[in-house]
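Visitor: Please show me the chain and its model. I would like to go through the surface, the core and the cross-links in turn.

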Amino acid sequence: AAEECSAITPQFAEFKAQYMSAPSLLNVTKERSHACGSDPVLMSIWCYGEEDVMQAWTRFLDTNNSTDPANVACLFSAAKLASHDNLPAPPGFAELTIFTNTNDRIPGKVPDSPVPSPVERFVAGVLVPQSWLDESEENIKIVQEHATNAPYYAFGGAAASGSDQANSLSQAHRNAAFMVFWFEDDEANFWGNLFPQMFDISDKTNFPP
């Protein structure tokens, strides 16, 4: 039931963080982990090629003593969801986004989300370094406690070294595990406590990338 699945949303967020940023905890290879991504809004994980998300989810629940079959069933494939509504399975995240969102500006293309706006947003996007997460399992929990949204997992794998022949990715993007957002009212905590932990600020003449 939807109510049962919504109750384990925090557990799924923790699972997703481990699968994306600390896959060895779930007996998942980095290659499999790097082939997957997840946006910060939908409760979903999208992967290229073969994936073992369902098996990892079951292992995660077992490790956390939560083997209720109802909890296991809360994670299911996009193909299963589509068949329930007598629809073809979307081949990827882009196709799902086009199907589920109206886009009058550029029909048939993935819509901007959020749409471009001249109005200032009172949040800051932070690219959290993978190296900082590798230092301690607790660092993932710290981010989840302070961030205003679920992490945006669009990095990893080839992002560290790939090139589109225009070198449009910054070093911060290449080093990042994911992106999260902080509201300005938590700015003092981020700059005073978390930023010095995440980045090397020993060289005062060189701001971290």
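This is a predicted model: local features need pLDDT of at least 70, side-chain atom pairs count only at pLDDT 80 or more; totals for chains, interfaces and linings use all residues.

Visitor: How many helices and strands does the chain have?
Guide: Both are DSSP runs numbered from the N terminus: helices are H or I with at least four residues, strands are E with at least two. The count for the chain is 11 helices and four strands.

Visitor: Which residues touch the most other members of the largest nonpolar core?
Guide: A nonpolar core is a set of buried Ala, Val, Leu, Ile, Met, Phe, Trp, Tyr and Cys residues joined through side-chain atoms within 4.5 Å. The largest one has 35 residues. Elements that give two or more residues to this core include helix H2 (9-21), helix H4 (53-63) and helix H11 (187-198). The residues touching the most other members are Phe15, Tyr19, Val128 and Met198.

Visitor: What do the buried residues of H2 pack against?
Guide: H2 has 13 residues and reaches 18 Å from its first C-alpha to its last. That is close to the 18 Å expected at 1.5 Å a residue, where the expected span is 1.5 Å times one less than the number of residues. Its buried residues include Phe12, Phe15 and Tyr19. They pack against H3, strand E1 (36-37), H4, H8, H9 and E4.

Visitor: Is Val53 buried or exposed?
Guide: Val53 lies in helix H4. Among the residues it touches, not counting those up to four places away in sequence, are Phe15, Tyr19 and Leu75, contact being heavy atoms within 4.5 Å. Because its relative accessibility is 7%, Val53 counts as buried.

Visitor: What is the relative accessible area of Trp57?
Guide: Trp57 is also placed in helix H4. Leaving aside neighbours within four places in sequence, Trp57 is in contact with Ile8, Gln11, Phe12, Phe15, Asn71, Val72 and Leu75. Trp57 is buried, with a relative accessible area of 1%.

Visitor: Which residue forms a salt bridge with Arg32?
Guide: A salt bridge is a side-chain nitrogen of Lys or Arg within 4 Å of a carboxyl oxygen of Asp or Glu, and the count comes to two. In this one the closest N and O atoms are 3.6 Å apart. It links Arg32 in helix H3 (residues 30-34) with a residue 20 places away, in the loop between strand E2 (46-47) and H4. The partner of Arg32 is Asp52.

Visitor: Why are Glu138 and Lys141 separated by about one helical turn?
Guide: These two form a salt bridge, with the closest N and O atoms 3.9 Å apart. An α-helix has 3.6 residues a turn, so residues three or four places apart point the same way. Glu138 and Lys141 are separated by about one turn because they are three residues apart in helix H9.

Visitor: Which cysteines does the disulfide join?
Guide: A disulfide is counted as a pair of cysteine sulfur atoms within 2.5 Å, and a search of the whole structure finds one. The S to S distance is 2.0 Å. One cysteine lies in strand E1 and the other in strand E2, so the pair ties together parts that are 11 residues apart in sequence. The joined residues are Cys36 and Cys47.

Visitor: Which hand does the link of Cys36 and Cys47 have?
Guide: Cys36 counts as buried at 8% relative accessibility, whereas Cys47 counts as partly exposed at 25%. With 105 degrees about the S-S bond, the link is right-handed.

How values were computed: Residues are numbered from 1 along each chain as its sequence is written. Side-chain values use heavy atoms; hydrogens and water are left out. Buried means under 20% relative accessible area, exposed over 50%, partly exposed in between (1.4 Å probe, protein chains only).
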